[in-house]
Amino acid sequence: MTLGASLIAYATHDSRKAFLASLTDEELRGLPYMFDFWALPHQVPPLGDWKSWVVLGGRGAGKTRAGAEWVRAEVEGPGPTDPGRAKRVALVGETYSQAREVMVLGESGILACSPPDRMPKWYSERRVLVWPNGAEAQVFSASDYEALRGPQFDAAWVDELAKWRKAEDAWDMLQFALRLGEHPRQVVTTTPRDVPVLKRILAAKSTVQTHAPTRANRANLATSFLEEVEHQFAGTRLGQQELDGVLTEEIEGALWPKQLIEFAQATPVPEVDRIVVAVDPPVTSKKTSDACGIIVAGVKFAAAKKDWRVKVLDDVSVAGASPSEWASVAVQAYHRHGADRIVAEVNQGGDLVEEVVRQIDETVAFSPVHARRGKVIRAEPVAALYEQGRVAHVKGLNALEDQMGLMARRGFEGRGSPDRVDALVWALTELIIKPVAQPMPQVRSFAR
């Protein structure tokens with residue numbers, strides 16, 4: 001039936017006219033709401049015992065319509081007041097307003113897709129849709145994911161997950177809420193982006209997916225729109241993502257694109273003349289706290305500062321550690337690498353950061369640093385050093401390099417805090433970026 005609908009959608013005017021003339025008045029009235037007939041292949045839920053259906057597509061590929069029609073199919077029964085498979089549905093968008101305007105009230109939203117006898121009523125003050133059969137769909141914002149703590153559902157529609165700022169936390173909270181019925185399920189409609197939560201969902205055995213480029217829905221798009229965007233973006237990385245709906249293996253606006261990290265890995269490791277251990281302490285020391293970022297790096301001096309080069313030597317970051325535990329790890333790295341100084345951010349702990357380090361070893365050289373600018377602004381000069389080919393990595397820095405790849409110009413795209421990247425930034429800032437008032441340090445007579 002779907003194939004027949006696709007053929008009719010692109011058929012000649014005369015063919016469509018003849019087909020419509022063959023239908024009764026009742027069939028004509030019901031035809032617009034028979035999505036099984038009109039749906040394109042990527043808008044049809046796959047068969048099988050899946051939990052998550054991910055609809056990946058370019059802009060305008062019909063993802064929203066697929067999500068809205070799936071919700072209809074879940075909540076509607078044979079008759080207007082008959083129960084459907086689902087009674088409680090979560091509708092989750094990036095914000096409340098986006099969820100309301102796109103998923104509920106939009107041109108391809110639930111209200112626009114519903115037939116008159118099964119039309120749900122929208123209660124704006126409660127942010128809920130209520131169907132004639134009593135089924136309800138409640139709107140949530142991924143930015144306010146704690147609101148998902150408490151309610152429970154047997155179905156969910158998640159829209160544009162890949163651009164949520166708090167995607168990891170919101171998705172995980174939704175999974176705890178999806179616990180009603182014999183087999184709770186969810187659909188995710190999104191333009192793909194290289195973010196960890198989407199890749200995690202796609203890798204799950206209980207996930208199925210369909211995919212389509214923007215062009216697949218060309219019968220429902222303005223010709224001028226399609227021509228313009230294809231002319232401007234075809235063949236570009238942005239076009240792959242936004243038009244082809246292809247998941248590229250790199251986040252948009254990454255400060256450290258994959259090729260920069262690979263270049264640092266392949267760069268010959270220079271001998272170094274000065275080494276520091278940089279520490280980014282966590283705010284708390286609970287088991288669930290962010291890790292304490294601890295990075296060891298060294299610099300090779302040259303006659304001109306523009307020729308100075310850096311080697312990242314070690315990543316000894318530790319998670320769930322008490323202040324005395326992470327301080328001990330930092331001091332051990334200090335002695336093991338023969339470092340000149342420990343550099344630590346003190347915005348959260350103040351003098352206590354230095355005190356806890358000196359409780360481990362009072363002889364270490366220690367410098368406090370204060371974060372007066374945002375993480376991205378502090379990281380950009382360090383990323384520039386990589387672009388200039390002035391940074392080398394030893395092997396085995398996988399966790400640090402993975403975190404670097406998630407640092408974008410709009411912020412960190414991963415879960416929690418970029419603790420390892422913060423420590424890296426402090427290390428390279430101390431070694432090569434920070435203005436040096438005193439004369440250049442004397443070059444050591446031995447190499448590291």
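Which residue of β14 does Lys311 stand opposite? Lys311 stands opposite Ala392. The points below start from the strand pairing around β11.

1. **Basis.** This is a predicted model, in which local features need pLDDT of at least 70 and side-chain atom pairs count only at pLDDT 80 or more, while totals for chains, interfaces and linings use all residues. Residues are numbered from 1 along each chain as its sequence is written, and side-chain values use heavy atoms, with hydrogens and water left out.

2. Strand β11 covers residues 309–315. Strands here are DSSP runs of E with at least two residues, and helices are runs of H or I with at least four, numbered from the N terminus. Two strands pair if DSSP finds at least two bridges between them. Three bridges join β11 to β14 (residues 391–393), and these two run parallel. On β10 (residues 293–300), six bridges link to β11, and this pair is antiparallel. Val296 has Asp314 in β11 as its bridge partner.

3. **Burial of β11.** Six of the seven residues of β11 are buried, so the strand is largely enclosed by the rest of the structure. Buried means under 20% relative accessible area, exposed means over 50%, and partly exposed lies in between (1.4 Å probe, protein chains only).

4. **Strand β1.** Look next at residues 52–57, which form β1. Six of its six residues are buried. Both faces are covered: one side holds Ser52, Val54 and Leu56, and the other holds Trp53, Val55 and Gly57. β1 pairs in the parallel sense with β8 (residues 207–212) over six bridges. Ser52 has Thr207 as its bridge partner there. β1 also runs parallel to β7 (residues 185–190), with five bridges. In that pair, Val54 stands opposite Val188.

5. **The largest nonpolar core.** A nonpolar core is a set of buried Ala, Val, Leu, Ile, Met, Phe, Trp, Tyr and Cys residues joined through side-chain atoms within 4.5 Å. The largest one has 42 residues, and those touching the most other members are Trp256, Val310, Val312, Tyr386, Met404, Leu424 and Leu428. Several elements supply at least two residues each, including β10, β11 and α15 (375–387). Helix α17 gives the most, with nine residues.

6. What does Leu428 contact, leaving aside neighbours within four places in sequence? Its partners are Ala297, Val310, Val312, Val382, Leu385, Tyr386, Val391 and Ile433. Contact means heavy atoms within 4.5 Å.
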